[in-house]
Amino acid sequence: MPRLGTFGALAAAALALAACEQTPPVSPDDRGFIPGGDYALVGMDGATVPLRNMTLTISESAVSGRGPCNGYGAKNNAELPLVALSPLQTTHVDCGKNTTIENRFFQVLQSATEMEYYGGVLKVKSPLTWLIFERGVTETQGQVTALDQARAGQ
C-alpha cells in the first residue's frame with residue numbers, strides 16, 4: 001500500500017508541475033486555428049479550378065486577394081473560424097472569358113459562413129459549396145503565364 005501512495009504522490013507532483021508550465025505565446029497569425037497569410041484557390045464546386053490565379057489573404061479581421069482579373073477585400077464581422085463578410089469591394093475590371101469563374105468565386109466567398117484548416121488545406125464553407133485553398137502564394141501566381149492560359153483552354 002505505501003508503494004501505491006508513493007506512485008500517487010509522484011503522479012500528483014507531475015500533474016502539478018505540468019500545470020505550472022508556461023503555455024507558448026499565441027502567434028499573431030493564429031486566427032481561431034485558421035493560420036493567417038496567403039492561400040491559392042485549388043477547388044470550387046467539387047472540382048479543381050483550371051488555374052491557380054485566385055488568391056485569399058487572411059488577416060486579423062479581414063480577407064483580401066485577387067481573382068483572375070480583379071482584386072477584392074472585405075471585413076470579417078465574425079471571429080474566425082466563423083465568417084460574416086461585409087460586401088466585397090472589387091476593382092471592377094472587365095474579365096472577359098474569366099467573368100463566369102470570377103463571379104462564382106466572389107459569390108461563394110461572399111456567402112461564406114466558416115473556415116476550416118487541416119493538413120495545409122483551407123476550406124471556406126458556404127451554404128452553396130466549398131472553396132478549397134492551399135497555403136502559400138508565389139509572386140507569379142498573381143500573374144497568369146502563357147502556359148497556364150493554354151492549360152485552362154484545354
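I take a salt bridge to be a side-chain nitrogen of Lys or Arg within 4 Å of a carboxyl oxygen of Asp or Glu. The model is predicted.

**Entry 1: the salt-bridge network**

I looked up which residues are linked in a network of salt bridges. They are Glu 114, Glu 116 and Lys 125. I then took the pair Glu 114 and Lys 125, where the closest N and O atoms are 3.9 Å apart. That is within the 4 Å cut-off, so the pair counts. The two residues are eleven apart in the chain, with Glu 114 in strand 9 (residues 114-118) and Lys 125 in strand 10 (residues 121-125).

**Entry 2: other salt bridges**

How many salt bridges does the structure hold? I noted four.

One of them joins Asp 45 to Arg 104, with the closest N and O atoms 2.7 Å apart. This pair links distant parts of the chain, 59 residues apart. Asp 45 lies in the loop between strand 3 and strand 4 (47-48), and Arg 104 lies in helix 2 (residues 99-110). Arg 104 has 22% relative accessibility and so counts as partly exposed. The cut-off for buried is under 20%, so Arg 104 does not qualify as buried.

Next I looked at Glu 134 and Arg 52. Their side chains meet in a salt bridge, 2.9 Å from N to O. Glu 134 is partly exposed at 32% relative accessible area. Arg 52 is partly exposed too, at 42%.

I moved on to strand 6, residues 62-66. Which residues make up its covered face? I listed Val 63 and Gly 65. The uncovered face carries Ala 62, Ser 64 and Arg 66.

On one pairing, strand 6 meets strand 5 (residues 55-58) in the antiparallel sense over two bridges. I picked out Thr 57, whose bridge partner in strand 6 is Ser 64. Ser 64 belongs to the uncovered face. A hairpin of three residues joins strand 5 to strand 6.

Strand 6 also runs antiparallel to strand 7 (residues 71-75), and five bridges join the two. Arg 66, from the uncovered face, stands opposite Gly 71 in strand 7. The hairpin from strand 6 to strand 7 goes through four residues.

I then followed strand 5 to another partner. Strand 3 (residues 37-44) is joined to strand 5 by four bridges, and the two run antiparallel. Gly 37 has Ile 58 in strand 5 as its bridge partner.

**Entry 3: Leu 80**

Where is Leu 80 found? I placed Leu 80 in the loop between strand 7 and strand 8 (89-90). Buried or exposed? Leu 80 has 10% relative accessibility and therefore counts as buried, the cut-off being under 20%.

I looked up one separation for Leu 80. Its C-alpha atom is 9.8 Å from that of Thr 113.

Notes
Residues numbered from 1 in each chain as written. Predicted model: local features only at pLDDT ≥ 70, side-chain atom pairs only at ≥ 80, totals over all residues. Heavy atoms only, no water. Buried < 20%, exposed > 50% of the residue type's maximum accessible area, 1.4 Å probe, protein only. Pairing = 2+ DSSP bridges.
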